[in-house]
Each structure stands twice: as structure tokens, then as C-alpha cells.
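Here are a few friendly notes to read with the model open beside you.

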Amino acid sequence: MSSASASPIETSGDGVTVPRHVAIIMDGNGRWAKKRLLPRVAGHRAGMEAVRRTIRAAGELGIEALTLYAFSSENWRRPEAEIADLMALLRFYLRREIAELERNDVRLELIGDWRALDADIVADLNAARETLAKNRGLTLVLALNYGAQDEIARAVRALVAEAKDGMLDLAAIDPSAIGARLDTATLPPLDLVIRTSGEQRLSNFLLWQAAYAELLFVDTLWPDFDRASLEDAVASFGRRERRYGGR
């Protein structure tokens with residue numbers, strides 16, 4: 001995995017600096033629904049439309065990878081009915097959106113312990129990833145049953161197992177070695193993390209990868225996030241000076 005400071009940044013035709021890899025903590029579905037006296041599932045449905053808008057906009061803006069925090073390992077603590085609604089929406093999204101993703105040349109990657117989800121969802125995820133594997137546009141990364149601490153622990157276990165088998169010298173375990181065993185090893189270094197709804201924390205999301213990423217917290221509730229919101233985030237990123245601790 002490339003070091004964060006080596007991440008090349010593209011410049012769009014209108015002179016705006018574009019981050020290669022953007023990650024979003026999609027927060028605020030429940031509050032959006034509550035403001036409208038609607039059930040929480042209505043907020044999640046509206047959030048799915050925001051996902052669709054954001055994927056399309058990210059590809060058009062020239063972003064290489066877009067990672068969405070779709071379902072965290074901590075989300076299992078939510079009420080069973082809400083989890084069932086979220087899983088039903090995921091099933092619906094995968095079956096409805098595959099043609100749209102294909103038209104837009106989107107490739108799909110998955111991070112987290114997504115294979116622990118229901119068997120039919122795992123089958124749909126595998127099928128979608130295979131269908132979109134040849135595409136060369138935006139890489140859409142869904143973080144499903146994902147927790148950054150678990151991801152790091154899995155990477156450490158892999159390193160320990162290799163060292164125990166004599167395949168790896170302990171002295172060779174450095175940040176690059178850990179990064180190469182994370183779920184995101186094949187992705188560009190993370191440039192920008194956006195969290196919607198005004199909350200200002202990472203919530204166990206891409207903790208290792210965010211070491212030198214720019215963080216942007218916006219008040220917009222996720223269902224209201226649109227192309228203009230993403231353009232504003234990209235513009236904010238472009239105005240920042242990234243020093244990587246050098247000065």
C-alpha cells in the first residue's frame with residue numbers, strides 16, 4: 001500500500017483539486033425521518049437515494065474510489081426490526097442498482113466481515129462484484145459489517161501467523177506491512193473523510209487509513225446530501241494544505 005504522502009492528486013479541468021479516495025460516514029437518516037414524523041425506515045430509504053446521487057457525482061467529478069460506511073459491526077446493537085429493514089434495503093439496492101452501476105462503469109469492492117451476512121446477501125454481493133469487475137471507472141467500496149479495530153486486529157493476526165510459520169521476519173513488520181494486509185490494500189490512500197449530520201467522530205471507521213486524511217464534518221443530514229454537497233466537500237479539500245507532519 002502506498003504511503004499517504006505519496007498519494008497523487010488529480011486536478012479537474014476547472015482547476016479544482018480532486019481527492020483520489022473519499023470515504024463517507026452516512027449519518028442522519030433517523031433524524032431526517034424524525035423531523036418529518038416518519039418511521040426510521042423512511043430515512044434509510046431516502047438515504048439510499050443519496051447514495052445513488054453521490055456515486056454518480058463522484059464518478060463525474062473524477063474521484064477514483066468512494067468508500068461508504070454502509071453497515072458497521074456495531075450496528076448489530078440496533079433494534080432487530082431496524083436491522084431487518086436495513087438488510088431488506090441492501091437486498092433491494094443490490095438488485096435494483098446493478099444495471100445503473102454497470103452503465104456508469106462502476107467497479108465494486110467490499111470491506112469488513114461481509115461474508116458473515118445472510119447467505120442470500122453474500123450471494124448477491126459476490127454476483128454484483130463479479131458483474132462489475134471489468135469496469136474501470138469509479139471504484140465503489142461498501143463497508144459492510146465493518147469495524148476498523150477488527151480490521152487492524154485481523155491484519156495483525158495475519159502478520160503473526162506468517163511470522164510463526166517462518167514466512168516473515170518480525171523486523172519486517174512496519175506500517176507498510178500492516179497496510180498491505182488491511183481490507184483497503186488495493187485502494188488509493190485515503191484523502192478525505194466526510195461525516196454528515198454534524199457529528200464529529202470517526203466511529204471506528206478507517207482508523208488506520210485516516211491517519212493523514214483530511215476530515216470534514218458537515219451539518220447536512222445524509223438523505224439531503226447531493227452533488228452540490230460533494231462538490232463543496234471537494235472544494236474544501238482543495239483549499240487545504242497537506243503537510244503530513246513535515247512542517
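1. Gly-166 follows α5 and has a positive phi, near 80°. Helices here are DSSP runs of H or I with at least four residues, strands are E runs of at least two, and both are numbered from the N terminus. Please bear in mind that this is a predicted model, where local features need pLDDT of at least 70, side-chain atom pairs count only at pLDDT 80 or more, and totals for chains, interfaces and linings use all residues. Residues are numbered from 1 along each chain as its sequence is written, and side-chain values use heavy atoms, without hydrogens and water.

2. Which residues of α5 are buried? They are Ala-148, Glu-151, Ala-155 and Leu-159; buried means under 20% relative accessible area, exposed over 50%, and partly exposed in between, with a 1.4 Å probe and protein chains only. These residues cover an arc of only 75° around the axis, so they sit on the same side of α5 (the arc is that of directions from the helix axis to the C-beta atoms).

3. The buried residues of α5 pack against β6 (139–146) and α6 (175–179), with contact meaning heavy atoms within 4.5 Å. On the face turned away from that buried side are the exposed Gln-149, Arg-157 and Lys-164.

4. Stepping back, the protein has seven helices and eight strands. Buried residues make up 47% of its 247 residues.
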